[in-house]
Amino acid sequence: MEKLLFSMILWLCATIFIGIGLYARNRKEPMWFYSGMKIDSRQIKNIPAYNRAYSRLWFRYAAPYILIGITYFWFPLTAVDHRLSAVCNGRYGIFSTRL
């Protein structure tokens with residue numbers, strides 16, 4: 001159940017990113033960055049090419065979320081497991097204070 005929930009959350013995030021990419025690709029005006037800065041259309045020579053490039057950024061950002069969701073769902077041992085946190089916390093790893 002945990003792996004399904006985690007995978008669904010990752011796929012939901014990827015779907016949102018793909019939606020933003022599709023929205024950016026179909027805009028007639030330049031797509032703005034989410035930092036609050038508006039892009040002036042007079043500064044860009046080819047607005048459709050600019051929006052396609054911007055949408056590819058979002059598609060590439062969504063790809064790892066999809067791949068990690070699939071990997072975690074089908075091969076949960078390849079993903080970070082909560083049992084490995086003991087090594088990261090220093091109980092048994094090379095940073096352990098126990099000798």
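Q: Where is the place of arginine 27, and what makes the elements around it helices?
A: Arginine 27 lies in the loop between helix H1 (2-26) and H2, where a helix is a DSSP run of H or I with at least four residues, a strand is a run of E with at least two, and both are numbered from the N terminus. The model is predicted, and its local features need pLDDT of at least 70, side-chain atom pairs count only at pLDDT 80 or more, and totals for chains, interfaces and linings use all residues. Residues are numbered from 1 along each chain as its sequence is written, and side-chain values use heavy atoms, with hydrogens and water left out.

Q: How many helices and strands does the protein have?
A: The protein has three helices and zero strands, and from the N terminus on its elements run α-α-α.

Q: Why does arginine 27 count as buried?
A: Buried means under 20% relative accessible area, exposed means over 50%, and partly exposed lies in between (1.4 Å probe, protein chains only). The relative accessibility of arginine 27 is 18%, so this residue counts as buried. Of the 99 residues of the protein, 26% are in the buried class.

Q: What makes the meeting of arginine 27 and glutamate 29 a salt bridge?
A: A salt bridge needs a side-chain nitrogen of Lys or Arg within 4 Å of a carboxyl oxygen of Asp or Glu. In general, side chains of opposite charge can pair when their charged atoms come close. Glutamate 29 counts as exposed, because its relative accessibility is 53%. The search of the whole structure finds one salt bridge.

Q: How do you know that arginine 27 and tyrosine 23 are joined by a polar contact?
A: The contact between their side chains is 3.1 Å, and a polar contact is a pair of N or O atoms within 3.5 Å, of which, within protein, one must be able to donate a hydrogen and the other to accept it, while residues adjacent in sequence count only if both atoms are side-chain atoms.

Q: Why is arginine 60 called exposed, and where is its place?
A: Arginine 60 is in helix H2, and it is called exposed because its relative accessible area is 60%, which is over the 50% limit.
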